[in-house]
Amino acid sequence: SLAAGTALTPIASNMFLKSRRMIYIRKIDGQLSEACRLLSSAARAGLSVPQGLEIVVQEMPAPIKNELATVVRELQLGSDLEVSLRKFLDRVNSKDIHVFVNALIIQRRAGGDLAKVLSEMASTMEERKIINKTIDASIAQARFSAYMLPVISALVIYLLSQLIDDFFGLFTKGFGIVLLAIFLLLQAIGFFLIKKIADIRV
C-alpha cells in the first residue's frame, strides 16, 4: 500500500493540477468575449490598447481581471505591450487567448480598425459558446455512458462473486489472469472510444 501510494501520489497530483488549470483557462475563455467588447468600446472612444486594458481590469471580475492586471502592471513599469501580451499567452495558453493576443499584436504592427476586429471577435466567441453548450447537451448521455461503463462492470463482478463460490480464485490461475487482462483491456478501449466519439470540439 505504501509503495502504491508513493507511486500514485505524483500522478494523481499532476492530474489534479492539470484539471484545475483547465478549469481556470475555461473561466478566462468564458470572460474573453466581454473583455473584447470593453476593449472595442475603448478603441471607439479613442483610447489606446493599454488604456483599454486598464478599463477591462476595472470592470471585469476574476480570473481574467487578475491576468490582465499583471499585463497592465508590466506596461506601467515600462514593459513592451507585445512582450507583456506574449507572457500572458504563456501563462494562459488557449486557442481563444492566442487569437486575442495575435489580434492586438497585429493591430499594433499593421494598424487597422481594432474596434471592429474586437467586436467581431466577441460575437464569434459568444456564438461558439452557444454551439459548445448545444453540443455538450447532445453528447451528455454518451459521456455518462463512458463513466458508467466501469461502474456497471464492477457491479456485475460483485454480483457474480456473490453467486459463484470462490469466484475470485479463478483469477489466480493462468487462464483467469488472461481473462482478467482481456476484460480490463476491453473496458479501457470501450471507455476511451466513447470519450473520443463524444469529444467534439468547435
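What follows walks through the helix packing and a handful of individual residues in a predicted model.

Helix α3 covers residues 64-76, and its axis comes within 9 Å of that of α4, the two crossing at roughly 155 degrees. Since angles over 145 degrees count as roughly antiparallel, that is the label for α3 against α4. The crossing of this pair is right-handed. On the α3 side, the contact is built from E67, L68, T70, V71, E74 and L75, while α4 brings in L81, S84, L85, K87, F88 and R91. Sorted by type, the residues in this α3 and α4 contact come out as 6 nonpolar, 2 polar and 4 charged.

Helix α4 (residues 81-91) also packs against α5 (residues 95-110), here at an angle of about 170 degrees and with the axes 10 Å apart. These two helices are therefore roughly antiparallel as well. From α4, the residues involved are L81, E82, L85, R86, F88 and L89; α5 answers with I97, H98, F100, V101, N102, L104, I105, R108 and R109.

Next along, α5 packs with α6 at an angle of about 170 degrees, the axes being 11 Å apart. So this pair, too, is roughly antiparallel. Here D96, V99, F100, A103, L104 and Q107 of α5 meet L114, V117, L118, M121, M125 and R128 of α6. The α5 and α6 contact divides into 9 nonpolar residues, 1 polar and 2 charged.

As for the helices themselves, α5 has 16 residues and reaches 22 Å between its first and last C-alpha atoms, close to the 22 Å expected at 1.5 Å a residue. Its buried residues are D96, I97, F100, V101, A103, L104 and I105. Just after α5, G111 takes a positive phi of about 80 degrees. Most residues other than glycine have a negative phi, and most peptide bonds are trans. A peptide bond of the other kind shows up between A62 and P63, which are joined in cis with omega at about 10 degrees. P63 sits in the loop between α2 and α3.

Helix α6 (residues 114-138) has 25 residues, and at 1.5 Å a residue these should span 36 Å; the end C-alpha atoms are 36 Å apart, which agrees. Buried along α6 are L114, A115, L118, S119, M121, A122, M125 and I135.

S33 belongs to α1 and counts as buried, because its relative accessibility is 3%. Beyond its neighbours up to four places away in sequence, S33 touches A122, M125, E126 and K129. S40 is likewise found in α1 and is buried at a relative accessible area of 2%. With neighbours within four places set aside, S40 is in contact with A115, L118 and S119.

S48 lies in the loop between α1 and α2 and is partly exposed, with a relative accessible area of 34%. From S48 to R143 there are 95 residues in sequence and 45 Å in space, C-alpha to C-alpha. I157, in helix α7 (residues 140-163), is partly exposed at 24% relative accessible area. Leaving out residues up to four places away in sequence, I157 touches F167, F168 and F183. I157 and I130 are 27 residues apart in sequence, and their C-alpha atoms are 41 Å apart in space.

Methods. Residues are numbered from 1 along each chain as its sequence is written. This is a predicted model: local features need pLDDT of at least 70, side-chain atom pairs count only at pLDDT 80 or more; totals for chains, interfaces and linings use all residues. Side-chain values use heavy atoms; hydrogens and water are left out. Axes are lines fitted to C-alpha atoms, for helices over the stretch in contact, and angles run from 0 to 180 degrees between N-to-C directions. Helices (H or I, at least four residues) and strands (E, at least two) are DSSP runs, numbered from the N terminus. Angles under 35 degrees count as roughly parallel, over 145 as roughly antiparallel, 65 to 115 as roughly perpendicular and the rest as oblique. Contact means heavy atoms within 4.5 Å. Buried means under 20% relative accessible area, exposed over 50%, partly exposed in between (1.4 Å probe, protein chains only). A crossing is left-handed if the near helix is turned anticlockwise from the far one by less than a right angle, and right-handed if clockwise. Ala, Val, Leu, Ile, Met, Phe, Trp, Tyr, Cys and Pro count as nonpolar, Asp, Glu, Lys and Arg as charged, and the others, Gly among them, as polar. The expected span of a helix is 1.5 Å times one less than its number of residues.
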